[in-house]
Amino acid sequence: MKINLQKYLRARRPIIWCNTSDYKEIDDLLKISTEEINDKVIYEFRALGAVDFETKEISEEVKSLYNFLDIIYSEGYENNIFLLVKNAKDEMEKSEVLAYLKKIAELRYSNPNYNFTVLVVSDSNSVPKELEKFTSILEIENMSQEEIESYILNFGKIHGVKIDTEDIGEIAISLKGLSKLEIDHVLNMMIESKKNISISDRNIIIREKGQIIKKSAVLELIDFKEKITDIGGLEGLKEWLEESAKVFRKLDEAKSYGVDTPKGVLLVGMPGCGKSLAAKASARLFNAPLLRLDIGRLLGKYVGESEHNMRVALKTAESISPCILWIDEIEKAFSGIDQSGGASDITKRLFGHFLTWLQEKENTVFVVATANDISTFPPEFLRKGRFDEIFFVDFPTEEERERIFEIHLERRHKNRNDFDISKLAKATDGYCGADIEEVVKLTLKKAFVNDKEQIDTENLLDGIKEIDSLSTILSDKIETLKKGFKKFKIKSASKNGKGQKNLSENKDMIFVQGGKYIPSFFEEEREVGNLEVCKYQTTQDMWMEVMENNPSNWKGGRLPVENVSWWDALEFCNKLSEKHGLQPVYVIEENEERNILKINQKNGETVYPNLVDFKKTEGYRLPTELEWEWFARGGEVAIQDRTFNSKYSGSDNIDEVSWYGDCLEIDSILERGNSKNMTHSVGLKKANELGLYDCSGNVQEWCYDTYDSNGVSYLSNKTAYIYDENNEERIVRGGCAKEVRKKLRFGFLRGDTFYTSKELCEVSKREMKNESSISRSAGFRIVKSV
Ligand code: ATP
């Protein structure tokens, strides 16, 4: 940038036009670029009048640009004059001003002793016709990643704040596309509440970038809650997206490994089958903001307008990147196709530009384009190499319909085990995902209006009869679409034969991106690695499949398993790992006094717990307390949604997310809960931001850690945990149970009722328990490092 400006100055360009609103940047740039020029004077003029360039004091006398030019015009013979005109649009439209500027420009060209340069800073690039031939456009390029990194370090020095050096690369990538002024703004906001700069404040950056989008006419920043697990079926697509997201999230590493930057995906297929849903879910998966490009608004009335809009949209998306650019109904853009099947010139040019951009782009804009009708697509659009992959989204198979029913029932707090899901799926051949959602919604509404307490399979079957499937309503159109798709051999988004992985392949594990946060039990930020976490507390079905017994007090396949000790939970994890062909995490050496624990690392080593690095484990295991609190609070997703500090996991309203109990305490009858002092099927309450159920309430969950006398988990703290045979206390989280006393006629007596107190359901509350003890209040949830 500095080089460009110096180049123009050396070339004696009389007028330099710069489109930016970052005045500070321009001031700095001008100062640096003119450093070596002697006898110089820098003047400044703004909409309000002349101002002092150094002090920014407004002159009382000079209010019009014409007068100002007239006053300083002749100084160009004696000194090197630089006039900075900032955002003085009205003045710059006056004919006498334009004439004066033209006179100055001509003189500068014709007389080598006349040195007068005008630098116009404006929020548009439309140079008045009269000045065009004297003007050069100065592009303000955004800072590169390296420049931003050193800028942040410098900012840290000036403000005396700590910068997480491990994070700095990631922060810099997130800040790319912002001007210096905007970066300053973000960094100031980051240090407002705490004295350090870390990537855990990514939401501030996303918000700032959202401001840029608001100024764009064709792009929209979409708020989304959808997760990849909200999609029933489409396993092939989901798997592919997960792989691409992994590359995207670790781009630097992937690139040096030789992996290409993911470009994008085209989803074509039947209406209402989950294409838009997949676009939204990928934003969550990629952990990036979602921008929607509105093709309707992009297509302008005037020649060249559409192309201009497309260019601006792509540039804006680049400046927001990393982001997902969702181009919905991309076929609309091909509406200008003539009868012979050839594209009109506008369409050709528009998409020529888009395709070149897509093919050549090296940026982190991941495109998800969706379309129903591909009959008007130019063949080159579908050619391999443009998009990374093209998927065909068909009507769901029977197995996929089962899953879609389960998703929509669970979303409305219904237990999938209460319904004959297979019957429902069989009755909905030809229904799309949106139809199935409609069936569930309609049935529930009817039941509510008729004061029914619950709905059953029959009610849903009645609902199915009332809703015609999309393939019936649009039969002709669907036929035509099908023919169109057949012409091109496009990969199916579903997995052939098998729509859904079964339990033993663990469809219930959810990917949870790691991150940094200050846990409630520690004063400094700690880092959590990427994980897979089970949506549910370990159920009795899961337990029995692996252990072939059931120790639980309350029996039921979907109820969480309880009455298991910490050691029992470890044994379950190991057996499950073996079942899935994974290296078990724990090595339990049985000893007369006490079991001795060691941990298997992927490099073949077996280490004592004080040396473990859980990132290097392969199989299923218990979460550390640090991990537990991260996912229970909703992780990165909740940070972005600004709900990370909710009282309970997923809400401030306990009844929404938690089963908790009545409490009879010594001195008073305290709470009335909703659990009737028993456990409930998992997944009936609202899930948290990550799609995890029951992190608050139901049973409490064993964590891996033990903790020291200061209440800090050894492993979370990362101080060496010296293996101590007497240390047998382990942390339990998520609704710690209290001992309950029953009131008898002659006083209080300890009883055995179970309850999970409201207060202890808070996501920050913790308790410890003897690792060998069993109780009807303690169950667990499994995780796995990824
Ligand atoms: P269109 O081409 O008409 O825009 P689409 O393929 O983009 O349709 P979506 O908008 O994703 O369809 O689907 C509408 C709604 O139907 C979704 O928000 C979701 O609630 C439900 N739905 C559709 N497909 C699925 C699915 N596979 N799993 C779960 N829900 C689904």
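A cavity is a set of grid points where a 1.4 Å probe fits but cannot get out. The legends below use this term for a predicted model.

Figure 1. The whole structure holds six cavities of 30 Å³ or more. The largest cavity has about 220 Å³ of space. Its lining is shown in the next view.

**Figure 2. Lining of the largest cavity, with 15 residues.** Arg284, Leu285, Phe511, Val637 and Leu690 lie nearest the centre of the cavity. Three elements each supply at least two lining residues: helix H12 (275-286), strand S16 (509-512) and helix H25 (635-641). Strand S16 gives the largest share, three residues. By class, seven of the lining residues are nonpolar, three are polar and five are charged.

Figure 3. Asn372 places a side-chain N or O atom 2.8 Å from an oxygen atom of the ligand. Backbone atoms take part too. For Leu277, a backbone N or O atom lies 2.9 Å from a ligand oxygen. For Gly274, the corresponding distance from a backbone N or O atom to a ligand oxygen is 3.2 Å. Taken alone, the ligand exposes 620 Å², and the protein buries 80% of that.

**Figure 4. The second largest pocket, lined by 48 residues.** About 1,000 Å³ of space lies in this pocket. Glu226, Lys227, Asp230, Leu277 and Arg411 lie nearest the pocket centre. Helix H12, strand S13 (365-371), helix H16 (398-411) and helix H18 (433-449) each supply at least two residues of the pocket lining. Helix H16 provides the largest share, seven residues. The lining of this pocket comprises 13 nonpolar, 15 polar and 20 charged residues. Helix H12 also supplies at least two residues to the lining of the largest cavity.

**Figure 5. Arg781 in the loop between strands S29 and S30.** Strand S29 spans 778-779 and strand S30 spans 783-785. Arg781 counts as buried because its relative accessibility is 0%, and the cut-off for buried is under 20%. Two partners of the Arg781 side chain are shown. One is the side chain of Glu701, in a polar contact at 2.8 Å. Another is the backbone oxygen of Lys535, which the Arg781 side chain reaches at 3.0 Å.

Definitions and conventions. Residues are numbered from 1 along each chain as its sequence is written. This is a predicted model: local features need pLDDT of at least 70, side-chain atom pairs count only at pLDDT 80 or more; totals for chains, interfaces and linings use all residues. Side-chain values use heavy atoms; hydrogens and water are left out. Helices (H or I, at least four residues) and strands (E, at least two) are DSSP runs, numbered from the N terminus. Buried means under 20% relative accessible area, exposed over 50%, partly exposed in between (1.4 Å probe, protein chains only). A polar contact is a pair of N or O atoms within 3.5 Å; within protein, one must be able to donate a hydrogen and the other to accept it, and residues adjacent in sequence count only if both atoms are side-chain atoms. On a 1 Å grid over the protein atoms alone, a cavity is a set of points where a 1.4 Å probe fits but cannot get out, and a pocket is an open set with protein on both sides within 12 Å along at least five of seven lines; lining residues have an atom within 4 Å of a point. Grid points are joined across faces, edges and corners, and a volume is the space filled by probe spheres set on the points. Ala, Val, Leu, Ile, Met, Phe, Trp, Tyr, Cys and Pro count as nonpolar, Asp, Glu, Lys and Arg as charged, and the others, Gly among them, as polar. Accessible areas come from the Shrake-Rupley method with a 1.4 Å probe; for residues, only the protein chains shown count as cover.
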